[in-house]
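These are my notes from a first look through a structure that was new to me. I set down each item in the order in which I looked it up.

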Amino acid sequence: MSYRALFAPRGAVGFTLAVLVARFPSGMASLAATLLVTSLHGSYSLAGLGGAAALVTVALAGPWQARLVDRHGQSRVAVPAVVVATLGGLGVLTALELHAPTWVYLLACAVSGLGPNTGSLARARWAFLHRGDEAVLHTAYAYEGVVDELCFVLGPLAATALATGWSAPAGYLTAGLLSLVGVLALATRRGTEPPPAGHAASASGRGVLRAPGVAALVLMLTATGAVFGTMEITTIGFAQAHGHTAAAGAVLACYALGSALSGVLLGLWKPRGRAVVRLRWALAAMAVTLAPLPLCGGLAQVAAMLLVAGFATAPTMSTSMGLVAELVPAERLTEGFTWTTTGLLVGISGGTAAGGWLVDHTPAGTGYHVPAVAALVALALSARLPRRSVLSCLDETAGERLSVQ
């Protein structure tokens, strides 16, 4: 019933299909880029630096771009952004093929990170379509987590198949093409696009990051991102060390599959208790299930452990996004979602760079010590989150005043 209500509004199915195409590269891009760089240059460190350069651009430009989206509308901002990012991706491929100086490659990687955050665009559309219906919005955020994880189940498999079965650039080019086509298709779905807030999106004077609880949430997700970044590149190096590079995508897909399954169940479950408390339990579960990874001696064991650990990911991410909607005003919602995604991507970039160095300079699997520690750091940082959202407290105060009157 919850999922039926989610897709009931006119245009909901159409925009979700467009977003699915635009988002699918999120599960392909990192692995495809790593396979491309290591195939042409044989360096995980270079691949890690390139990934970090792209994600740092996302971190710096993403919130500014989201502010423009809230002010001017999704289509007017997302279309030129995806065109520029696509040109940056072509620049990355050209720089690698021509063995250009490293700074040229890193500059192209940075430009490729200027694309729109399609996850934030989708969540803002759900918030617009189902504004005021908290039960359906809970399902929407859980569904978005499922879509993310499905992209990370199928994306690595597609990237690996294209890179190893066809050519090294094939996976990377396909990811860029899908992103371009998906965003252009989304721009045509105007009926579900939130109306531009105009100057109201910046009229409050204070940045979204200064809203109570938002900075703490961003820091927590930065530590969570380090879990994902380190684990991905460590798994690729671990698979190569064991002579099964092509299996890296399937192993990583196990983690995403576990998260997708838990996300489906989460969307059907009516949440109870405070969101912050649920988030802390999810982070604790993440740390516990990731802790045995350094003890795994083969890819089959790693795949099994990642499948189990994945069940903590969807509750962590969907609850975090639900908190954004509680902490940020409606007219700044895209910016709020983007800040949290920015924190996540900064963590992923740091984890990717650190993991790449560990793969190149330490025994295979050493990087598996990092994810559980990063999850514990995220749990500690969650202590800074407010136990109750500021917006809900204001609503209760207003209700008490009305009852007195």
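**Entry 1: a helix**

I began with helix H15, which covers residues 333-361 and has 29 residues. From its first C-alpha to its last, H15 reaches 42 Å, close to the 42 Å expected at 1.5 Å a residue. I note here that the model is a predicted one. I then looked up how far H15 is covered, and found it mostly so, with 21 of its 29 residues buried.

**Entry 2: salt bridges**

I next turned to charged side chains. Side chains of opposite charge can pair when their charged atoms come close. How many salt bridges does a search of the whole structure find? The search finds three.

**Entry 3: Glu 144 and Arg 23**

I looked up the pair Glu 144 and Arg 23, whose side chains meet in a salt bridge at 2.3 Å, N to O. Glu 144 belongs to helix H8 (residues 134-165) and Arg 23 to helix H2 (residues 12-23), so this pair ties together parts that are 121 residues apart in sequence. I also checked whether these two residues are covered, and both Glu 144 and Arg 23 are buried.

I then took up Arg 125, which forms a salt bridge with Glu 193; their closest N and O atoms are 4.0 Å apart. Arg 125 lies in helix H7 (residues 118-129), while Glu 193 sits in the loop between helix H9 (168-187) and helix H10 (214-241), so the pair ties together parts that are 68 residues apart in sequence. Arg 125 has 0% relative accessibility and therefore counts as buried. Glu 193 is buried as well, because its relative accessible area of 10% is under the 20% cut-off.

Glu 193 also forms a salt bridge with Arg 190, and here the closest N and O atoms are 3.1 Å apart. Is Arg 190 buried or exposed? I recorded Arg 190 as exposed, because its relative accessible area is 53%, over the 50% cut-off.

**Entry 4: cysteines**

Last, I looked for disulfides. A disulfide is a covalent bond between the sulfur atoms of two cysteines. With the rule that the two sulfur atoms must be within 2.5 Å, the count comes to zero disulfides. I looked up two cysteines for their accessibility. Cys 109 is buried, with a relative accessible area of 5%, and Cys 296, at 12% relative accessibility, also counts as buried.

Conventions
Residues are numbered from 1 along each chain as its sequence is written. This is a predicted model: local features need pLDDT of at least 70, side-chain atom pairs count only at pLDDT 80 or more; totals for chains, interfaces and linings use all residues. Side-chain values use heavy atoms; hydrogens and water are left out. Helices (H or I, at least four residues) and strands (E, at least two) are DSSP runs, numbered from the N terminus. Buried means under 20% relative accessible area, exposed over 50%, partly exposed in between (1.4 Å probe, protein chains only). The expected span of a helix is 1.5 Å times one less than its number of residues.
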